[in-house]
Amino acid sequence: MASYPAAPSYRHAHPDREPGSSIAFALLALFLGIAVAILAIVAVVLVKTADDARDEAKAAAATTDHSADAVPADSAVSLPLQSFAGKTGENAEELAMAHTATDAVLPLVPAGDLVRVQMTLKDMVVEVAPGVKYNTWAFDGHGAPGPVVHVREGQTVEMTLTNGGAIPHSIDFHAARIAPNVAFRDVAPGESFTFRFVANDPGVYMYHCGTKPVLAHIANGMYGAIVVDPAKPLPRADHEYVLVASEWYLTSDGVEEPASLDMAKARAMQPDWTTFNGYANQYVTHPLTADPGDTVRFYVVAAGPTLETDFHVVGTIFDRAWVNGDMTQFQRGVQTVGIPAGGGAVFDVKIDEPGLYPFVSHAFAHVDLGQVGLLKVGNPKGGSTH
Ligand SMILES: [Cu+2]
């Protein structure tokens, strides 16, 4: 039979003290007093040390990271964060129709062994949704994303970056095998920098500013796509479109005055808008087009800065999907392909029946935030379903 110890006796705590107990009590009190004093001194020293370390860290950041003052230093932000999702100018439909959609057509490959690419970075206000203005760090003549670079395997890319912005920037090409500390170095405002790489790896790649904090530079619009055709051509396509997916994190609705980057939302991955080629729903109002029976090729880059894009075309199935931009092989008959932030993929669809075929990120919060467009095949009647 199990037995349990009896409840402890607390008789020793009763005040019927034995001789000498008052001396012991006084000594204990003295000891406790000294211990408290020592702990207080230790606490003061620790707080001072932490303050010094923080000051040193701030000083170091100020000297090594020129963009430190471009984003809030304080990351202690309470959730939830205020969302401006879906908040547009008043006459949103009119504004959307009046917006000139970014040309998604893949440009031709320049002739010759050497392809010179020149980009000038510029701080500019762009619209990211109807009537929603945003202070970007972007590309002169393009906004965000930057221009599509299209080369063929084996060509040399000579990239010249001119910094027309207010703080240092850089450019990181995922298609390059090159020492980043040399080629992707910071370029000071007003200066230019040129580097070369050989495009030996076919695929569709992201390029972006790689200056710290990279999250802020990409979120502010410093990204684009480079397509490297394989030396052995892909099967023929009738239309080739480039889509760069990205998120926007806004400090305000951007309607009265341009919004800027809300770094807390960017860190929390809570975008206000997500887009293809920088503007919410622009290919819903201005669809991409094809004729029935055409093969349409999509080159898709997920620029992030953080979220992936799950590419899907409603009403059809990918006849070919070069997943992860691996141009050595394709998958057949797949429905949705996840494109990681900083990744790319290529898709062929051949649609015989006229209609409006939405292309989306099938992570549907993104559709709600603007990452949706239409492929208009032939001259269909009626509206879209998504
Ligand atoms: Cu930058």
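**Close-up views of a predicted copper-site model**

The accessible surface of the protein chain comes to about 19,900 Å², and 56% of this surface belongs to carbon and sulfur atoms, with areas taken from the Shrake-Rupley method with a 1.4 Å probe. This is a predicted model, in which local features need pLDDT of at least 70 and side-chain atom pairs count only at pLDDT 80 or more, while totals for chains, interfaces and linings use all residues. Residues are numbered from 1 along each chain as its sequence is written, and side-chain values use heavy atoms, leaving out hydrogens and water.

**View 1. The copper ion is coordinated by His 169 (ND1), Cys 209 (SG), His 217 (ND1) and Met 222 (SD).** These donors (N, O and S atoms within 2.8 Å of the metal, or 3.2 Å for Na, K and Ca) lie at 2.0 to 2.5 Å. The site is tetrahedral, with angles of 90 to 132 degrees among its 4 donor atoms, where four donors count as tetrahedral if all angles lie between 85 and 135 degrees.

**View 2. Cys 209 and Met 222 are both buried.** Buried means under 20% relative accessible area, with a 1.4 Å probe and protein chains only; Cys 209 has 2% and Met 222 has 1%.

**View 3. An open sheet is formed by 4 strands in the order β2-β1-β4-β6, with mixed pairing.** Strands are DSSP runs (E, at least two residues), numbered from the N terminus, and two of them pair if DSSP finds at least two bridges between them. Strand β1 (residues 114-129) and strand β4 (residues 156-163) run parallel over 8 bridges, and Val 115 has Val 157 in β4 as its bridge partner.

Methods
Four donors count as tetrahedral if all angles lie between 85 and 135 degrees; four count as square planar and six as octahedral if opposite donors are over 155 degrees apart and all others between 65 and 115; anything else is irregular. Buried means under 20% relative accessible area, exposed over 50%, partly exposed in between (1.4 Å probe, protein chains only).
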